[in-house]
Amino acid sequence: MICIKNIKIGYLNILLFYFYMTVLCQNIVAQNIQRIDPPFWFKEMKNPHLQILVQMDELVSDLKSVSASDSFINRTLQFKQLKNKKFFVVDFDIPAGLKLNSVTFKALYPLKKKDKTFEFTYILKEKNVTEPIDGVGPEDFIYLLMPDRFSNGDPSNDNNTKLTEPTSDRKGLKTRHGGDIQGIINHLDYMQILGVTALWPTPLVENDQPQESYHGYAITDHYNIDSRFGSNALYGKLKTESEKHEIKLIKDVIYNHVGNNHYLFKEKPSEDWFHHWDTFTRTNYKATTLIDPYAAESDKKAFQDGWFDHHMPDLNQKNPELANYLIQNTIWWIENFKLNGLRIDTYSYPDQEFMKRLIKEVLNEYPTIGVFGEVWVQGTPLQAYFVQKNPCLQENPYLPGVTDFQVYSALTHALTNDFGWTEGVARIYHTLADDQMYYDPFQNVLFLDNHDLSRFYSIVGEDIDKLKIAIGFMLTSRGIPSLYYGTEILMKNFSNPDALVREDFPGGWPKDSVNKFYHAGRTVKENEIFDYVMTLANYRKQSSVLQTGKLKQFIPQKGVYVYFRYNGKNEKVMVIINQTNDVQSFKTERFSEIIDKTMKGRDVVSKKNYTFENNFSIGPKSILILEINAQ
Ligand SMILES: [Ca+2]
Ligand SMILES: [Ca+2]
């Protein structure tokens, strides 16, 4: 509002001033709309409903009415002023066939015994997604990267004095390093050569936090890309450039918490948009409380309503306006940028009824989009609890896939423990047998490491043979394989603290002394792994049986684990893993239900041919991936 101070004015001037203020009043108030979310919307969506959240600088009293310039929209329009009178929501349906590209809303409020009005115009765009989305699925190979740590393609955006962490500092573990969207765009060629078909950057929206926001999980603005990463326009360019490289784009989304500098936390539409505690209460991180028949109520409440961290307030998705806000935000990004997939952070922490609704609404609008949730839990029963159409448990029937921490755990165990009844590779065998608990385990995402976990190369004692086994397994077993940036160039470290596994990609910054994006910049060993990933990933790219074929596994014996991918077109891939330090031999007739002695197998990496007569030998600590019957 306008403040006028220290003005000495006469009677006539008072009259003139009063007249002036009266004329201007509508405009003054109209200009006080701070923000409307979503900033615009789309016509012809399957769900015609929209809720817009309007934030005012200040409002003098209660709103009396809100009406739309379009009579069809007016028929369904409802408004609600929120507890914080600076906010109101307008709910309405956008009628099919609407010709208008904008609609004007008029709001009525009382001021000094008279009703005053103000207006605002809202943009309605043509639908952007007009064909089924090419969703991320088992045919893909995902590359996960942290934009701040991958490559700095635009040093001019490294510092921004308007932000609470105004400068970048590459030397700091938890500071901003300057990586950005342009850096990603610059290396799409690299990813394509590696065989990547889907890109998962950690969140790129604004994290205007004073410290440790480089990871992107403390959102302060749901609708804008962080200026240090670029802009919404540059994000659009990332999408189109990715498409040119046949790479799909996944958005990392968070519904559990925001950063405490979020504009809707600093100025809350209603206190109950967040969970509040008398004293700071951290979540106990135990999703087990969701399924535990013996769980204490206090533990359950602390898990779901506790804060993720001091600077990450917990959202209360039971608030209907907030729920709409979050769901529409997701739809807006998908529609605006034709995204191919969603990776849902901390999936188990928000209200699970809300999560069901979210997934349902996203899949209703985009049935072919790929969706997987981060469910970092112990044990298949709990992991399966969150996944689509679980035949054993009827809870949460909508999430298509999860980041598969059970297979991850089995794989790390297998390569760090000797073989036994349930140890070593037997752990992988048993874990996959638990797939009976899923509707479609092939939607689960496989990984060796990620931004929270120790680098796999370090876990296996920097043993390149073991790393090859893990990579080979991940690219040939069921599910959607994903690679964390740097695994292909032997980046190492334990996740203590986690910033150690989020180091800069060497060569991603203009003055880096080495550039591992290129063959010449990598050591012999690094090239050995890079080439191994590249060969397998590109083979998988054209192998329908590895993408969509069935899986058959045989009980591991003497540390040797054999499984097949096969399909109705008689395409087969045989995978043999020997975890022991010795050559192992076995009789092939054990696999006669799927291969016979007349067949041949060609190693997809070395191109060497194998036959299956009598005994078969495999070298120590190795994996063989054989395309069956290839000459
Ligand atoms: Ca930069
Ligand atoms: Ca929560």
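In this predicted model, strand S3 (residues 49–56) and strand S6 (residues 87–93) run antiparallel and are joined by seven bridges. As background, the strands of a sheet pair up through backbone hydrogen bonds, and they can do so in either a parallel or an antiparallel way.

S3 and S6 belong to an open sheet of four strands, laid out in the order S1-S3-S6-S5 with antiparallel pairing. Strand S1 (33–37) and strand S5 (78–81) each have just a single partner strand, so they end up at the edges, with one side of each lacking a neighbour in the sheet. Going from one strand to the next, the twist averages 20°. Then there is helix H9 (residues 320–337), which lies across S1, S3, S5 and S6 and runs at about 110° to S3.

Another set of pairings involves strand S7 (residues 102–111). Strand S4 (residues 65–68) pairs with S7 in the antiparallel sense, over four bridges. Here Ser 67 has Lys 106 in S7 as its bridge partner. S7 also pairs with strand S8 (residues 114–125), again in the antiparallel sense, this time over ten bridges.

Terms used: Residues numbered from 1 in each chain as written. Chains lettered and ligands numbered in written order. Predicted model: local features only at pLDDT ≥ 70, side-chain atom pairs only at ≥ 80, totals over all residues. Heavy atoms only, no water. Pairing = 2+ DSSP bridges. Helix = DSSP H or I, 4+ residues; strand = E, 2+ residues; numbered from the N terminus. Axes fitted to C-alpha atoms, helices over the stretch in contact; angles between N-to-C directions. Contact = heavy atoms within 4.5 Å.
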